[in-house]
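Subject: Handing over the structure

Hi there,

Here is the structure I promised to pass on. Please have a look at it first, and then read on for what turned up.

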Amino acid sequence: MNYGICNLSIIPLRIEPNDASEMVSQLLFGEHFKVLEIRKNWSKIRVAFDNYEGWIDKKQYEEISEETFLIIENSKHILSADIIDFATKSDQSFLTIPMGSCLPFYNNQQLVINNTNYQYEGKIFDERLSKNSIVEIAYNFLNTPYLWGGKSPFGIDCSGFTQMVYKLCGYKLLRDASQQATQGEVLSFIEESEPGDLAFFDNNEGIITHVGIIMNDNYIIHAHGKVRIDRIDHSGIFNIDTQRHSHKLRVIKKIV
């Protein structure tokens, strides 16, 4: 088994091993993974955080040892907290670091990937936040453009949004909306929900295709065109711009 870590800002995770293939997710700086299969220019990986699988370009990551992988896996995860910041190498070159990036071996504004040392002076998340913080953290992504497979403040999809918000608060969600819907406790009515709970929505075939975060007073924040705030009722999401329902409610779940 081989192992790797993302040493660039944001890289695409694709469904097939070619540049024209659909992007199903992304890796942010510092995320580690197992390498399942290697082809000429591509590696199939399983992301450690959520076991999501896909293909990444072999030129866009750095190999790490099993020992390093296990140390990172069993260490406290420290995440970048600014929308965008920089990690500076000893040669004064730097990388942009988007919110939610992992900071391996972080100590006193220093982090390390193999033999490369970085200095990161930005804010960090290093502890689990209360459920009350989930909506507050979600506001950081407001107006982020929708991007299928995206996980960053520069482009994000509905389940990438909920996963990253929960991750920043110290909680683990799976990657896709249909996977996230298998987690947590079902609530019978909207009235039972609290800010920070997740609402899931299905299509005409009954497949869950969308997710958002419940707010106070029957509002919801979700990624649809952009990360936006709309109304939610027993039917689903009521778009405040079009004055029409855009998504059909399937279930509300308490994850935290």
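Let me begin with Glu 53, which counts as partly exposed because its relative accessibility is 34%. One thing to keep in mind throughout is that this is a predicted model. Glu 53 forms a salt bridge with Lys 44, and the closest N and O atoms of the pair are 3.9 Å apart. Lys 44, at 26% relative accessibility, is partly exposed too.

Another of them joins the side chains of Lys 59 and Asp 57, at 3.1 Å from N to O.

Asp 202 is buried, with a relative accessible area of 11%, while Lys 248 is partly exposed at 40%.

Is Lys 254 buried or exposed? With a relative accessibility of 19%, Lys 254 counts as buried; the cut-off for that word is under 20%. Lys 254 also takes part in a network of salt bridges that links it with Lys 131, Glu 194 and Asp 197. With Glu 194, its side chain makes a polar contact of 3.4 Å. Leaving aside neighbours within four places in sequence, the residues in contact with Lys 254 include Gly 184, Glu 185 and Leu 187.

His 247 is in strand S22 as well, and it is buried, with 14% relative accessibility. Its side chain makes a polar contact of 2.8 Å with the side chain of Ser 246. Not counting residues up to four places away in sequence, His 247 touches several other residues, among them His 210, His 222, His 224 and Phe 201.

The largest nonpolar core has 34 residues, and the ones that touch the most other members are Phe 141, Phe 161, Val 165 and Ile 213. Which elements give two or more residues to this core? They are helices H2 (133-138) and H3 (158-168), together with strands S17 (198-202), S18 (208-214) and S19 (219-224). Helix H3 gives the most, with six residues.

Beyond its neighbours within four places in sequence, Ile 213 is in contact with residues including Ile 134, Val 135, Ala 138, Phe 161, Val 165, Leu 198 and Ile 221. There is also a second, separate core of 17 residues, which includes Tyr 3, Ile 5, Ile 72 and Ile 97.

Ile 83, Ile 84 and Phe 154 make a nonpolar surface patch of about 260 Å². Of these, Ile 84 is placed in strand S9 (residues 84-89) and is partly exposed, at a relative accessible area of 35%.

Happy browsing, and do write back with any questions.

Best wishes

Definitions and conventions:
Residues numbered from 1 in each chain as written. Predicted model: local features only at pLDDT ≥ 70, side-chain atom pairs only at ≥ 80, totals over all residues. Heavy atoms only, no water. Buried < 20%, exposed > 50% of the residue type's maximum accessible area, 1.4 Å probe, protein only. Polar contact = N/O pair within 3.5 Å; in protein donor to acceptor, adjacent residues only side chain to side chain. Contact = heavy atoms within 4.5 Å. Helix = DSSP H or I, 4+ residues; strand = E, 2+ residues; numbered from the N terminus. Patch = residues over 30% accessible without salt bridge, like charges linked within 9 Å, V, L, I, M, F, W, Y side chains within 5 Å. Areas by Shrake-Rupley, 256 points an atom, 1.4 Å probe, with all protein chains shown as cover. Salt bridge = Lys/Arg side-chain N within 4 Å of Asp/Glu carboxyl O. Core = buried A, V, L, I, M, F, W, Y, C linked by side-chain atoms within 4.5 Å.
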